[in-house]
Amino acid sequence: QKMPPSLPTTINIREPRWDQSTFQGRAKHFFMVTDPRNLLLSGATLEEARRVVEDYRAGTVQPGLTEDQLWRAKYIYDSAFHPDTGEKMILVGRMSAQVPMNMTITGCMLTFYRTTPAVLFWQWVNQSFNAIVNYTNRSGDAPITPSQLGTAYVSATTGAVVTALGLKSLTKHLPAIIGRYVPFAAVAAANCINIPLMRQRELKLGIPVTDENGNRLGESTAAAQKAIFQVVVSRIGMAAPAMAIPPVIMNMLEKRAFLKRYPYLNAPLQVGLVGLCLVFATPLCCALFPQKSSMPVSSLEPEVQDQIRKKDPWLETVYFNKGL
């Protein structure tokens, strides 16, 4: 039997399969990255994908490997291993866990919003989950100390809980539908607190910036600020449909006889509606900005600009991993 031709070693699997300069290309990429089915893959499958990817990058092509198999291995690898450190990421912190985890937590936040203990508990659960995700998907390869991690977690969680309780007290005399939006306002505010705090080391020391070919040129705090701003916008956008659409639907359903007769269906319905929104909102909002973001050299700090000019006087644009 004739063997298929060997795959060339020129396919650039350091970059996504689709054109990342277009929203459509980024959306296709993130639908693959956030696919919840990746969570079900065994450790052996993940290690096999890592081996295929690392071998290919080193110029070794496994016999019979097709282009589709190579890209599949790349996306399995990307779903489980950090792009900067190469470490296997915490399971619940992976982007493929975003839909099932957020579906459950957001559904419960929207269902149990009437009492103060429930608001406290679900905001704490949500911020604990966000802290894990923000740490797991941070940009750069510099370690963060346990004390920095602890301070960031406590500050972010406290900020979210105080925001939620403050907003809840303000809506006591307003229509019930307004009260349903308290969780979203708290989540949006908490993202503005949680993400910068969990990634404070990047804001202080900077994140790696590279040229187009991935050659490291230095660390920039200006790049870190841009990266974190883009992630905050994406996360708020991600939460918006899941926390804005279900309350309207549930408000209508609760006035009908069906939910009055079967009140125990409230939480499952809410979780299901949130899940439906998140399946699309998660990859589409991740795709708002390229993962490999860029900025002009002239926008970096003067000392970083000088450092880069010594290496390459004509370089105009640098690139960095914005995190997720």
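Me: What should I know about the model before reading it?

Reply: This is a predicted model, in which local features need pLDDT of at least 70 and side-chain atom pairs count only at pLDDT 80 or more, while totals for chains, interfaces and linings use all residues. Residues are numbered from 1 along each chain as its sequence is written, and side-chain values use heavy atoms, with hydrogens and water left out.

Me: How many residues does helix α2 have, and what span does it reach?

Reply: Helices are DSSP runs of H or I with at least four residues, numbered from the N terminus, and the expected span is 1.5 Å times one less than the number of residues. Helix α2, residues 43-57, has 15 residues and reaches 21 Å from its first C-alpha to its last, close to the 21 Å expected. After α2 comes G59, whose phi is positive, near 95 degrees.

Me: Which residues of α2 are buried, and why do they line one face of the helix?

Reply: An α-helix has 3.6 residues a turn, so residues three or four places apart point the same way. Buried means under 20% relative accessible area, exposed over 50% and partly exposed in between, with a 1.4 Å probe and protein chains only. In α2 the buried residues are L46, A49, V52, V53 and Y56. Seen down the axis of α2, they fall within an arc of 125 degrees (taken from the directions from the helix axis to the C-beta atoms), so they line one face. They pack against α3, residues 67-80, where contact means heavy atoms within 4.5 Å.

Me: Which residues touch the most other members of the largest nonpolar core?

Reply: A nonpolar core is a set of buried Ala, Val, Leu, Ile, Met, Phe, Trp, Tyr and Cys residues joined through side-chain atoms within 4.5 Å. Of the 27 residues in the largest one, L7, I11, I13, Y56 and L70 touch the most other members. The elements giving two or more residues to this core are α1 (23-33), α2, α3 and α12, and α3 gives the most, with seven residues. Apart from this core lies another, of 16 residues, among them I105, V133, C277 and L278.
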